[in-house]
Amino acid sequence: MTDETRLETLRTRLADVRARIDAACMAANRDPRAVDLLVVTKTFPATDIALLATLGVREVAESRDQEARAKVDALGALAVHLRWHMIGQLQRNKAKSVAGWADIVESVDRLPVAEALAQAAAARSRTVDVLIQVNLDALPAEDRGGCRPADVEALGRAIEDLPGLRLAGVMAVAPWPGDPDEAFLRLAHVHERLLAIAPEATLRSAGMSGDLEAAIRHGATQVRVGSAILGDRPVIG
Ligand SMILES: *Cc1c(COP(=O)(O)O)cnc(C)c1O
């Protein structure tokens, strides 16, 4: 596929997704400007990110440290104009590296990871925004990541005490299979409780290609869309 064809494909799909966001906001009586589109570029090449940038995309998300760093390197000066989101499960030993490229880490789910990130951010004299990833599974505790709803406020308080981090809100993935409306309503309640103690933490990152409408109904301020824009991802083992 030539760059020109790929650009047109991305342009069309981006417009389709923006139209879905606008329609969902209309239906929910919300201002479309209150919902940011984050394009999830994991598994797709840096060349796609460059094309997306020419289409006005500024917010991109990656889920693996090594892959993200390679793309930041490949994009050179262009990378500086983008806002990089880390949305994948984060191990403590990767925090230092992630703090080198991520502007915001959406997948903070436990204190040791937050502490490692804070230390790495402070060492670079920078501030990293973080979201608490909330586990919305009916039976949490599998290794899918995410803080249990009951532990979110305590983690939020702890993050607020850490230099180098700025608590910006919450993130969640709706369980599959399951009812996304029910899941995102639960996220809304968890977020309200966090806002009561951390009023600046206003970002609610919820909704993907398949369920962004439900997320917008329940107050998402950011949707994370990959396949509806970039196409199907190769299955990785
Ligand atoms: C991959 C991923 C997405 C995007 O999913 P699509 O269904 O491709 O839109 C969103 N959020 C997280 C946390 C992801 O890992």
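What follows are my entries, grouped by topic.

**Ground rules.** I am working from a predicted model, numbered from 1 along each chain as its sequence is written, where local features need pLDDT of at least 70, side-chain atom pairs count only at pLDDT 80 or more, and totals for chains, interfaces and linings use all residues. My side-chain values use heavy atoms, with hydrogens and water left out.

**Core.** I looked up the nonpolar cores first, a core being a set of buried Ala, Val, Leu, Ile, Met, Phe, Trp, Tyr and Cys residues joined through side-chain atoms within 4.5 Å. Buried here is under 20% relative accessible area, exposed is over 50%, and partly exposed is in between, with a 1.4 Å probe and protein chains only. The largest core holds 73 residues, and Val105 and Ile229 have the most contacts inside it. There is also a second, separate core of nine residues, with Leu38, Ala61, Ile104 and Met171 among them.

I then asked which residues Val105 is in contact with, leaving aside neighbours within four places in sequence. Contact means heavy atoms within 4.5 Å. The list for Val105 is Met86, Leu90, Val98, Leu117, Val128, Asp129, Val130 and Leu131.

**Cysteines.** How many disulfides does the rule give? The count is zero, taking a disulfide as a pair of cysteine sulfur atoms within 2.5 Å.

**Pocket.** For the search I used a 1 Å grid over the protein atoms alone; a pocket is an open set of points where a 1.4 Å probe fits, with protein on both sides within 12 Å along at least five of seven lines, and lining residues have an atom within 4 Å of a point. Grid points are joined across faces, edges and corners, and the volume is the space filled by probe spheres set on the points. The largest pocket comes out at about 750 Å³. Its lining has 29 residues, and those nearest the centre are Lys42, Arg144, Val173, Met208 and Arg224.

I sorted the lining as well: eleven nonpolar, twelve polar and six charged.

**Backbone.** Most residues other than glycine have a negative phi, and most peptide bonds are trans, so I went looking for exceptions. The bond from Trp176 to Pro177 is cis, with omega near 0 degrees. Pro177 sits in the loop between strand S6 (165-172) and helix H8 (180-197); helices (H or I, at least four residues) and strands (E, at least two) are DSSP runs numbered from the N terminus.

Asn29 has a positive phi, near 60 degrees. I find Asn29 in the loop between helix H1 (3-27) and strand S1 (36-40), and it is exposed, with a relative accessible area of 75%. Thr43 also has a positive phi, near 75 degrees. Thr43 is in the loop between S1 and helix H2 (46-54) and is partly exposed at 26%.

**Asp48.** Is Asp48 buried or exposed? Asp48 counts as buried because its relative accessible area is 4%. It belongs to helix H2 and, leaving aside neighbours within four places in sequence, is in contact with Arg6, Leu10 and Leu230. From Asp48 to Leu117 I get 28 Å, C-alpha to C-alpha, for 69 residues of sequence.

His218 is in the loop between helix H9 (212-217) and strand S8 (222-225). At 19% relative accessibility, His218 counts as buried. Residues up to four places away aside, His218 touches Asp181, Phe184, Leu185, Ala188 and Arg204.

Ala183 is in helix H8 and is buried, at 1% relative accessible area. Not counting residues up to four places away in sequence, Ala183 touches Leu136, Ala174 and Pro175. Ala183 and His218 are 35 residues apart in sequence, and their C-alpha atoms are 9.4 Å apart.

Arg157, in helix H7 (residues 152-160), is partly exposed at 47%. Its C-alpha is 17 Å from that of Thr127, 30 residues away along the chain.

Technical notes:
Nonpolar A, V, L, I, M, F, W, Y, C, P; charged D, E, K, R; others polar.
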